[in-house]
Amino acid sequence: MEQESAQDLTKKMVTEPTGDGQNLNDASEKKNDITFNLVFKKEKLNITWDANKTIATLKSHVHDLTGVPPAMQKLMYKGLAKDDVTLSALGVTNGSKMMLVGSKLTDVISVNTKGKAESTSAGSSSSNKKEPLSKQKPHTKVIDQGVPDDAMPAYKNGHERLPDVPLFGMVNKYRSKVRLTFKLEADQLWLGTKERTEKIGMGSIKNIISQPIHGHEEYHMMALQLGPTEQSRYWIYWVPAQYINAIKELILGRFY
């Protein structure tokens, strides 16, 4: 066998892959990996992910783990995480805790189908259901008292994001003042009255029913469906119309 020249050996070293480059790339990617906890309802998921990847890519992985579509996910870490931000830029490190707020598409469809069926059944069994809700008893007992003095400014046909402060100036069926605080980091809605504050898990709110108040269409009456029957609805009056869609999207998901 002829002895290879030094030139031939050099050429082989240049042209033949050694595998070291691939190993270096793999090591570099693993070096960027961080392991953190994702809390979804009562579950705690342990996730290892590249810190240089964006929240949008993480949502695809979270979809595989939880069944919650990316469009219906709200990932919370020191506030709402935007899709184009990387985990590193967000400040997520090993051992950090992130929270997922959202619903599976099947759950949303199930709730809406049930709500429509109940509405259809109620409409066929009672002729007064054609009347606006705000003109039916016992709602008129509350609405006839007029717009509260401290009601928030409102306008109809508007769509605004929820403000950074709680929603106030509303009343419940007992005419007690009501304040709504959205605690995204805890996946809770805090419903405050003068007597106490109820901390309601957003996942336990099955549906939200709302309708403009007759004669004051810039305000809505809104019910939180906390159980399977009409008796389990918590009614709130004088909710600014421009925030209704934002409330439903936050609690029920984008496809409410």
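Which side chain meets Arg196 in a salt bridge? In this predicted model, the partner is Glu198, with 2.7 Å from N to O.

## Charged pairs

Side chains of opposite charge can pair when their charged atoms come close. The count of salt bridges comes to three, and the pair of Arg196 and Glu198 is one of them. Arg196 is exposed, with a relative accessible area of 54%, whereas Glu198, at 36% relative accessibility, counts as partly exposed.

Another salt bridge is formed by the side chains of Asp83 and Lys59, at 2.8 Å from N to O. This pair links distant parts of the chain, 24 residues apart, with Asp83 in the loop between β3 (74-76) and α4 (87-90) and Lys59 in helix α3 (residues 55-66). Lys59 is buried, having a relative accessible area of 9%, which is under the 20% cut-off for that class, while Asp83 is partly exposed at 39%.

A salt bridge also joins Asp150 to Lys177, whose closest N and O atoms are 2.8 Å apart. Asp150 lies in the loop between α6 (139-143) and β5 (167-172), and Lys177 belongs to strand β6 (residues 177-183), so this pair ties together parts that are 27 residues apart in sequence. Both residues are partly exposed, Asp150 with a relative accessible area of 34% and Lys177 with 42%.

## The seven-stranded sheet

Seven strands make up an open sheet with antiparallel pairing, in the order β8-β7-β6-β5-β11-β10-β9. The edges are taken by β8 (197-201) and β9 (207-213), each of which has a single partner strand, so one side of each is left without a neighbour in the sheet. On average, and with direction ignored, neighbouring strands of this sheet are turned by 30 degrees against each other.

Within the sheet, β5 and strand β11 (residues 233-240) run antiparallel and are joined by two bridges, and Asn172 stands opposite Ile236 in β11. Helix α7 (residues 244-252) packs on the sheet, where it touches β5, β6, β7 (188-192), β9, β10 (216-225) and β11, and its direction makes about 175 degrees with that of β9.

In soluble globular proteins, nonpolar side chains tend to be buried together. The largest nonpolar core here has 22 residues, of which Leu180, Phe182, Met222, Ile236, Ile247 and Ile251 touch the most other members. At least two residues of this core come from each of β5, β6, β7, β10, β11 and α7, and the largest share, five residues, is supplied by α7.

When neighbours within four places in sequence are left aside, the contacts of Met222 include Leu180, Ile208, Tyr234, Ile236, Ile244 and Ile247. Apart from this core lies another, of 21 residues, among them Ala51, Tyr77, Leu90 and Leu100.

## The four-stranded sheet

An open sheet of four strands has the order β2-β1-β4-β3, with mixed pairing. Its edge strands are β2 (43-50) and β3, each of which pairs on one side only, and the twist from one strand to the next averages 30 degrees.

Three bridges pair β3 with strand β4 (residues 97-101) in the antiparallel sense, and Leu75 stands opposite Leu100 in β4. Helix α3 lies across β1 (33-40), β2, β3 and β4, running at about 140 degrees to β2; this helix also holds Lys59, the salt-bridge partner of Asp83.

Notes
Residues numbered from 1 in each chain as written. Predicted model: local features only at pLDDT ≥ 70, side-chain atom pairs only at ≥ 80, totals over all residues. Heavy atoms only, no water. Salt bridge = Lys/Arg side-chain N within 4 Å of Asp/Glu carboxyl O. Buried < 20%, exposed > 50% of the residue type's maximum accessible area, 1.4 Å probe, protein only. Pairing = 2+ DSSP bridges. Axes fitted to C-alpha atoms, helices over the stretch in contact; angles between N-to-C directions. Contact = heavy atoms within 4.5 Å. Core = buried A, V, L, I, M, F, W, Y, C linked by side-chain atoms within 4.5 Å.
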